[in-house]
Amino acid sequence: GELVSPVAPYGYRYIAVSERNGGRWEVNEGEARVVQQIYDWYVSEEITIHQLLQRLQEAGEQAPARGKRWQFSTVQAILKQRDYTGKAYYNQTQACHAVVGQPKRHGRGPKQEPDRILRPSEEWIPVQVPQIISEEIWLHAQARLAMNRKFAQRNNHKHFYLLRSLLVCSHCGHSLVGRTAIHSTTYACPYQSGKLDPTVAPHRCSIDGTLIETLIWQAVSDL
């Protein structure tokens with residue numbers, strides 16, 4: 001029931017086991033206020049992480065101790081941190097020694113240390129910690145993060161598709177993929193013909209982009 005890790009997320013301070021009533025996280029009121037503000041901006045106002053970053057820098061909010069200023073990755077990590085809902089976990093990861101000696105993915109030379117990989121969730125050990133945000137707000141933030149990843153501009157490098165990732169094949173349920181010819185756009189199922197799942201009956205599913213985009217745009221405009 002004690003927290004022995006001295007590394008507490010932004011928003012908490014660690015009370016060492018050697019201190020009175022130690023082995024726990026205590027809320028850092030100043031940092032916790034910033035965490036709540038970050039989630040409020042992201043969930044209620046639905047601004048982007050880049051806009052969040054700009055607001056934090058303009059407000060002069062104190063960045064985490066390990067950074068001199070707010071970074072995109074720092075804000076993103078705070079938005080993913082489930083501990084703020086009042087429950088931390090031990091035994092989430094384990095060492096993977098099989099990667100030692102393999103080439104590094106970034107940089108030169110072989111890996112000298114094992115990777116940390118997730119254990120099955122049933123092996124995680126929950127520990128109660130002070131709550132900073134509600135579970136509902138955290139889940140809402142995760143839904144926004146997932147949606148932003150899905151529609152990120154970096155996932156489409158060549159062409160703009162108005163209905164990208166929004167149309168679904170009526171036969172197999174996969175998202176339709178946009179395809180561009182010389183003067184036309186088509187949305188088609190990528191799992192037809194040779195890529196067909198053996199459990200799904202052969203099918204073709206495609207629609208003219210100009211037709212469907214016009215219909216959808218008119219329906220949204222009417223709403």
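The following legends describe close-up views of a predicted model.

Residue numbers start from 1 along each chain as its sequence is written. In this predicted model, local features need pLDDT of at least 70 and side-chain atom pairs count only at pLDDT 80 or more, while totals for chains, interfaces and linings use all residues, and side-chain values use heavy atoms, with hydrogens and water left out.

**Figure 1. Overview of the fold.**
The protein has 5 helices and 9 strands. Helices (H or I, at least four residues) and strands (E, at least two) are DSSP runs, numbered from the N terminus. Along the sequence these elements follow the pattern β-β-α-α-α-β-β-β-β-α-β-β-β-α. Of the 223 residues in the protein, 30% are buried; buried denotes under 20% relative accessible area, exposed over 50%, and partly exposed in between (1.4 Å probe, protein chains only). Among contacts (heavy atoms within 4.5 Å) between residues at least 6 apart in sequence, 46% join residues at least 24 apart. The protein exposes about 15,200 Å², of which carbon and sulfur atoms supply 52%; the areas come from the Shrake-Rupley method with a 1.4 Å probe, and for residues only the protein chains shown count as cover.

**Figure 2. Helix H5 and its cover.**
Helix H5 spans residues 209-222, and its 14 residues reach 20 Å from the first C-alpha to the last, close to the 20 Å expected at 1.5 Å a residue. The expected span of a helix is 1.5 Å times one less than its number of residues. Gly 209, Ile 212 and Glu 213 are the buried residues shown in H5. They lie on the same side of H5 because they cover an arc of only 100° around the axis, the arc being that of the directions from the helix axis to the C-beta atoms. The cover of the buried residues of H5 includes strand E8 (185-188) and strand E9 (206-208). On the face of H5 turned away from the buried side are the exposed residues Thr 210, Leu 215 and Asp 222. The N-terminal end of H5 is capped by Asp 208, with a side-chain oxygen 3.1 Å from the backbone nitrogen of Thr 210.

**Figure 3. Surroundings of Leu 176.**
Leu 176 lies in the loop between helix H4 (135-150) and strand E7 (177-180). Its relative accessibility is 9%, so Leu 176 counts as buried. Not counting residues up to four places away in sequence, Leu 176 touches Leu 167, Val 168, Cys 169, Tyr 187, Ala 188, Cys 189 and Cys 205. Leu 176 and Ala 188 are 12 residues apart in sequence, and their C-alpha atoms are 5.0 Å apart in space.

**Figure 4. Aromatic pairs.**
The structure holds 5 aromatic pairs. Rings of Phe, Tyr and Trp (its six-membered ring) pair if their centres lie within 6.5 Å; planes under 30 degrees apart count as stacked, over 60 as edge-to-face and the rest as tilted. The rings of Tyr 10 and Trp 70 have centres 5.5 Å apart and planes at 80°, so this pair is edge-to-face. The pair links distant parts of the chain, 60 residues apart: Tyr 10 in the segment before strand E1 (12-15), and Trp 70 in the loop between helix H2 (49-59) and helix H3 (72-80). Tyr 10 counts as buried at 10% relative accessibility, and Trp 70 is buried with a relative accessible area of 2%. For Tyr 12 and Tyr 84, the ring centres are 6.0 Å apart and the planes stand at 20°, so the pair is stacked. This pair also links distant parts of the chain, with Tyr 12 in strand E1 and Tyr 84 in the loop between H3 and strand E3 (87-90), 72 residues apart. Tyr 12 is buried, with a relative accessible area of 4%, as is Tyr 84, at 1%. Ring pairs link Tyr 12, Trp 25, Tyr 39 and Tyr 84 into a cluster.

The 16 residues of H1 should span 22 Å at 1.5 Å a residue, which agrees with the 22 Å between its end C-alpha atoms. Buried residues in H1 include Val 34, Ile 38, Tyr 39 and Trp 41. Just after H1, Glu 46 takes a positive phi of about 55°; Glu 46 lies in the loop between helix H1 (29-44) and H2. Asn 21, in the loop between E1 and strand E2 (24-27), has a phi near 55°, a positive value in a residue other than glycine. Asn 21 is exposed, with a relative accessible area of 57%. Most residues other than glycine have a negative phi.

Methods. A polar contact is a pair of N or O atoms within 3.5 Å; within protein, one must be able to donate a hydrogen and the other to accept it, and residues adjacent in sequence count only if both atoms are side-chain atoms.
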